[in-house]
Amino acid sequence: ALRTLLRGGVLRDLECHPRFPLVVAGIKIGTYVADFQYWQGGALVVEDVKGVKTAVYKLKRRLVRALYGVDILETGVR
């Protein structure tokens, strides 16, 4: 579906599995790997397809927001 939107010009710069280093106070805590990243309507969209939101994912989601100012678009979550 995202490739169709890319071809139609609805989004641009589609990237699969972008990595976000999670560094706090100079210490690398870990890395968050999203499923997709793209630009749509002038905004960066970071998307993750989830079946279950684990505690580790929830922590990484909060770290990405705090460090990068990015809210993750969750698809597939019930």
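The legends below describe an overview and several close-up views of a predicted model.

**Figure 1. Overall layout of the predicted protein model.** The protein contains two helices and six strands, which follow one another from the N terminus in the order α-β-β-β-β-β-α-β. Along the principal axes, its C-alpha atoms fill a box of roughly 40 × 30 × 15 Å. Of the 78 residues in the protein, 28% are buried. Among contacts with a separation of 6 or more, 42% are between residues 24 or more positions apart.

**Figure 2. Surface and charges of the protein.** The accessible surface is about 5,200 Å², and carbon and sulfur atoms account for 55% of that surface. The protein carries 13 positive and 7 negative charges. The mean position of the positive charges lies 5 Å from the mean position of the negative charges.

**Figure 3. Salt bridge between arginine 12 and aspartate 13.** The structure as a whole has four salt bridges. In the one shown here, the side chains of arginine 12 and aspartate 13 meet at an N to O distance of 2.7 Å. Arginine 12 is partly exposed at 45% relative accessibility, and aspartate 13 is partly exposed with a relative accessible area of 48%.

**Figure 4. Salt bridge between lysine 53 and glutamate 74.** The closest N and O atoms of this pair are 3.5 Å apart. The pair links distant parts of the chain, the two residues being 21 residues apart. Lysine 53 sits in the loop between β5 (43-49) and α2 (55-68), while glutamate 74 belongs to strand β6 (residues 72-75). Lysine 53 is partly exposed at 32% relative accessibility; glutamate 74, at 23%, is partly exposed as well.

**Figure 5. Salt bridge between aspartate 71 and arginine 65.** Here the closest N and O atoms are 2.8 Å apart. Aspartate 71 and arginine 65 are both exposed.

Definitions and conventions. Residues are numbered from 1 along each chain as its sequence is written. This is a predicted model: local features need pLDDT of at least 70, side-chain atom pairs count only at pLDDT 80 or more; totals for chains, interfaces and linings use all residues. Side-chain values use heavy atoms; hydrogens and water are left out. Helices (H or I, at least four residues) and strands (E, at least two) are DSSP runs, numbered from the N terminus. Buried means under 20% relative accessible area, exposed over 50%, partly exposed in between (1.4 Å probe, protein chains only). Contact means heavy atoms within 4.5 Å. Accessible areas come from the Shrake-Rupley method with a 1.4 Å probe; for residues, only the protein chains shown count as cover. Lys and Arg count as positive and Asp and Glu as negative; His and the chain ends are not counted. The place of a charge is taken as NZ of Lys, CZ of Arg, CG of Asp or CD of Glu.
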